Amino acid sequence: MKQIPASLLTLTAGILITLVSLWVGQHHGLLPEQASEAAVLVDQLFNVMVMIATALFLVVIGAILLFCFRYRRAPGDEDDGIPIEGNLPLEAFWTAIPAILIIGLGVYSVQVFQEMGGFDPGSIHVGHSMIGGAVSHAMPSHEMHAVPQGSVAMMAQAPDDGAIATDATADLLADLPEGTEPPATPVPRYGFGANAAEEGHTPDLVVNVTGMQYAWLFNYPNSGIMTGELHIPVGKDIQLNISAQDVIHSFWVPQFRLKQDALPGQSSGLRFVATKVGTYPVVCAELCGSYHGGMRTQVVVHTPEEFDEWLQQNAVAQQQNPSQTVAVNPAELSDRDYLSPYAQEMGVSDQVLSQVLAQVRSRS
């Protein structure tokens, strides 16, 4: 039987490795369920990395096994192997392949970061636009010279210092011409902002998130609700303003594929859209102290109707005066005194309440 050409074997092995790598990249099952729009982008990047890693693993392990079998020492052979060195084409090949893979993954990851709403390095966001864009919209082009050059230079030289950036932004806003509408309220400097489709739109819900040893607090500024777990509606644009009260924490929802550090004295942000109703864990991903492992809570994704109901229930509950609740013994109240607050919340008039109480007394 004639020996099979090495080129044909190599081609066959390459096709098999490619097919196996593609299958593993799509069926590895290493990630939790997807529950946000950003999760799809992250998973695609992760699948590509798994596919490349599988191909490299098969090539390296396959070559080791092949050489161990084909070039194993024959019985009685005590000679040393043939010294081979200085194969320039081979060295260029195994240097070029990893370089191409790393550069390609780097470019792809930056693209995913931008599609997720990652901030542009060195830019300063005000409202939902970069400061330059905001000013250009707020001011006629012929008035752009009114912006002090020093302010722009300060911003350009302070890509990593949020405090300096905030000062520069305040100076720039103070120098706007009289009668010019100022840009929107500054948004967090660090984190993930709006993607291209949401850029320029006000988020549907804003929640202030505070990390402390060892809990997360969620404040809904529009309703005054303070909770220990995050409640959001599905399919809505959510903006989280994240900060820390003591040390560095990290807000991480694995099912959302989103993680953002909570920094003392520096606000950061996450803007996302949840795509699936359910309850998902919130984990602190930064070692923040002795009880770091217990710093967990959950995010509950409601349907819009359920979220409105939760919002109303908690708004009413948190409007009650705790001191009165403790001081008053319900057993000492009359039926009218006990039911009047509830009747008022439900919109029931005193006349109707009196009729109901009269009916109850007549039956007793």
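Q: How many salt bridges does the model have?
A: The count comes to 3 salt bridges in this predicted structure.

Q: Which residue does Arg257 pair with?
A: Arg257 forms a salt bridge with Asp43, and their closest N and O atoms are 2.6 Å apart.

Q: And where do those two lie in the chain?
A: Asp43 belongs to helix α2, while Arg257 sits in the loop between β9 (249-253) and β10 (258-262), so the pair ties together parts that are 214 residues apart in sequence.

Q: Is Asp43 buried or exposed?
A: Asp43 is buried, with a relative accessible area of 6%.

Q: Turning to Glu33, what does its side chain meet?
A: The side chain of Glu33 meets that of Lys276 in a salt bridge, at 3.4 Å from N to O.

Q: What is the relative accessible area of Glu33?
A: For Glu33 the value is 41%, which makes the residue partly exposed. Lys276 is partly exposed as well, with a relative accessible area of 35%.

Q: Which residue does Arg271 bridge to?
A: Arg271 forms a salt bridge with Asp237, with 2.5 Å between the closest N and O atoms. The pair links strand β11, which holds Arg271, to strand β8 (residues 237-244), which holds Asp237; the two residues are 34 residues apart.

Q: Are Arg271 and Asp237 buried or exposed?
A: Both Arg271 and Asp237 are buried.

Definitions and conventions
Residues numbered from 1 in each chain as written. Predicted model: local features only at pLDDT ≥ 70, side-chain atom pairs only at ≥ 80, totals over all residues. Heavy atoms only, no water. Salt bridge = Lys/Arg side-chain N within 4 Å of Asp/Glu carboxyl O. Buried < 20%, exposed > 50% of the residue type's maximum accessible area, 1.4 Å probe, protein only. Helix = DSSP H or I, 4+ residues; strand = E, 2+ residues; numbered from the N terminus.
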